[in-house]
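Please keep the sequence and the structure in view while reading.

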Amino acid sequence: MTDAAELRRRTAELLAAHPPATTDRLDFLRARFDAGLAWVHYPEGLGGLGAPRSLQAVVDAELEAAGAPDNDPRRIGIGLGMAAPTILHYGTEEQKRRYLRPLWTGEEVWCQLFSEPGAGSDLAVLGTRAVREGDDWVVNGQKVWTSSAHVARWAILIARTDPDVPKHAGITYFLCDMADPGVEVRPLRQITGEAEFNEVFLTDVRIPDSRRLGEIGDGWRVAQTTLNNERVAIGGMRLPREGGMIGPISKTWRERPELRTHDLHQRLLKLWVEAEVARLTGERLRQQLVAGQPGPEGAGMKLAFARLNQEISGLEVELRGEEGLLYDDWTMRRPELVDFTGRDAGYRYLRSKGNSIEGGTSEVLLNIVAERVLGLPAEPRTDKDVAWKDLAR
Ligand SMILES: Cc1cc2nc3c(=O)[nH]c(=O)nc-3n(C[C@H](O)[C@H](O)[C@H](O)COP(=O)(O)OP(=O)(O)OC[C@H]3O[C@@H](n4cnc5c(N)ncnc54)[C@H](O)[C@@H]3O)c2cc1C
């Protein structure tokens, strides 16, 4: 059993063999992965040591104190938070060995080709087709709202392989090479002016069967692992106190006494407490994760994250008065990551609108909490036994 003392010993060994000050960043990250100190709860040989997930904090603290580089987790959130756990759960040994190391070091960025123009909340109606031809699958269709597709090397993709069975049954999960011929990425501009996401057209893209994840027709089950992890990745990231959106508004409050009113104070205090409760609930959720896959509780965290971000950024705009209404950064940039705290109040206000849509809308998450956490009656679902090809779309 690997305990905290053993992890400290191994971390010291890594630092001695690869001093951060004189080691190339990528070389250090690769060595860290090979030493099993990347994600300690992953199996040996795949960046971990099969240790309890909670002990990751021990390694992270030692490495931070030594000034070691990290893998810039915000830049590779989809890979770390969604693709990796799905590959770990459903991948073959060969797939795990090929994809997890460059995913973790950030050498290969991942994106998620799930949503389509006609399939968002009701994702299982998706129409992108994958047809078997020899050892390959030939994929045709359109995906939309694909974050980071413009910088991604790989995508997790779900496509319809059998239109003759009900919608959930005929889906298969693939790993798609974004550099393959037939993959076309076009920017989609958002309310912030930036194009952080894209539409992706797939035309006769050939995916070898060796890049199928899970069984043919089992893609919906595989996708649940991705989606459950997505909610935790979006809503449940580890933050220090005042580490999220509540940080910048609290700072403004302290530094700008002339903006203060009694009413704003009461509202800020209420949101501060709620943000702190959400942060601590996230800690508890991560402790539950130690025991296995995330459950529907992740939906609750993501709901709270979206509501709080919107309320806090709205209050910040109000607090700043006229100055809060200014937003003059309409350059169409193609950012690699979403940075809530490093940008201005106008950006935070506009960008947080998407929080209640991305990773499942708040309405749909409320349904999940109602059905799977509270045990309330399910919504009527009339299309579950109808072949996908006979659905009205
Ligand atoms: C910033 C951002 C980044 C994104 N990144 C990605 C990505 O990288 N990859 C990807 O695949 N997708 C991505 N998405 C897409 C996102 O997952 C979808 O937008 C989302 O699932 C909603 O789907 P939709 O847009 O088709 O809306 P719809 O499903 O058409 O929903 C429209 C409205 O109807 C409501 N509604 C729908 N069904 C129900 C129901 N059963 N009960 C109550 N209300 C309901 C919804 O809540 C919503 O208000 C991203 C979205 C955003 C905003």
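## Helices α8 and α9

In this predicted model, helix α8 (residues 262-289) and helix α9 (residues 297-319) have axes that come within 10 Å and cross at roughly 155°, and α8 and α9 are therefore roughly antiparallel to each other. The crossing of this pair, α8 with α9, is left-handed.

On the α8 side, the contact is made by L264, R267, L268, L271, E274, A275, A278, T281, G282, L285 and Q288, while α9 contributes E297, G298, M301, R307, L308, E311, I312, L315, E318 and L319. Sorted by class, the residues in the contact of α8 with α9 are eleven nonpolar, four polar and six charged.

## Helices α4 and α5

Helix α4 (residues 77-90) packs with helix α5 (residues 93-105) at an angle of about 165°, and their axes are 10 Å apart. An angle over 145 degrees counts as roughly antiparallel, which makes α4 roughly antiparallel to α5. The crossing in which α4 passes α5 is left-handed.

The residues of α4 that make the contact are G79, L80, A83, A84, I87 and L88, and those of α5 are Q95, K96, Y99, L100, L103 and W104. By class, the contact of α4 with α5 has nine nonpolar residues, two polar residues and one charged residue.

## Helices α2 and α5

Helix α5 also packs with helix α2 (residues 25-34), here at an angle of about 130° and with the axes 9 Å apart. How do α2 and α5 lie to each other, oblique or roughly parallel? Angles under 35 degrees count as roughly parallel, and α2 and α5 are therefore oblique to each other. The crossing of α2 and α5 is right-handed.

In this pair, L26, L29, R30, R32, F33 and D34 of α2 make the contact with L100, R101, W104 and T105 of α5. The residues of the contact of α2 with α5 divide into five that are nonpolar, one that is polar and four that are charged. L100 and W104 of α5 take part here, and L100 and W104 are also listed in the contact that α5 makes with α4.

E107 is placed in the loop between α5 and β1 (110-113), and with a relative accessible area of 35% E107 is partly exposed. Leaving aside neighbours within four places in sequence, E107 is in contact with L26, R30 and P102; of these, L26 and R30 belong to the α2 side of the contact between α2 and α5. The C-alpha atoms of E107 and N71, which are 36 residues apart along the chain, are separated by 9.3 Å.

## Cysteines

How many disulfides does the structure hold? The structure holds zero disulfides. C111 is in no disulfide, and the nearest cysteine sulfur to that of C111 belongs to C176, 7.9 Å away; likewise, C176 is in no disulfide, its nearest cysteine sulfur being that of C111 at 7.9 Å.

## Positive phi angles

Most residues other than glycine have a negative phi. Against that background, D72, which is not a glycine, has a positive phi of about 50°. D72 is found in the loop between α3 (56-65) and α4, where D72 is partly exposed, with a relative accessible area of 27%. S148 is another residue other than glycine with a positive phi, near 65°; S148 lies in the loop between β3 (136-144) and β4 (154-160) and is buried, with a relative accessible area of 11%.

Within helix α11 itself (residues 362-373), the residues S362, L365, I368, V369, A370 and E371 are buried.

Technical notes
Residues are numbered from 1 along each chain as its sequence is written. This is a predicted model: local features need pLDDT of at least 70, side-chain atom pairs count only at pLDDT 80 or more; totals for chains, interfaces and linings use all residues. Side-chain values use heavy atoms; hydrogens and water are left out. A disulfide is a pair of cysteine sulfur atoms within 2.5 Å. Axes are lines fitted to C-alpha atoms, for helices over the stretch in contact, and angles run from 0 to 180 degrees between N-to-C directions. Helices (H or I, at least four residues) and strands (E, at least two) are DSSP runs, numbered from the N terminus. Angles under 35 degrees count as roughly parallel, over 145 as roughly antiparallel, 65 to 115 as roughly perpendicular and the rest as oblique. A crossing is left-handed if the near helix is turned anticlockwise from the far one by less than a right angle, and right-handed if clockwise. Contact means heavy atoms within 4.5 Å. Ala, Val, Leu, Ile, Met, Phe, Trp, Tyr, Cys and Pro count as nonpolar, Asp, Glu, Lys and Arg as charged, and the others, Gly among them, as polar. Buried means under 20% relative accessible area, exposed over 50%, partly exposed in between (1.4 Å probe, protein chains only).
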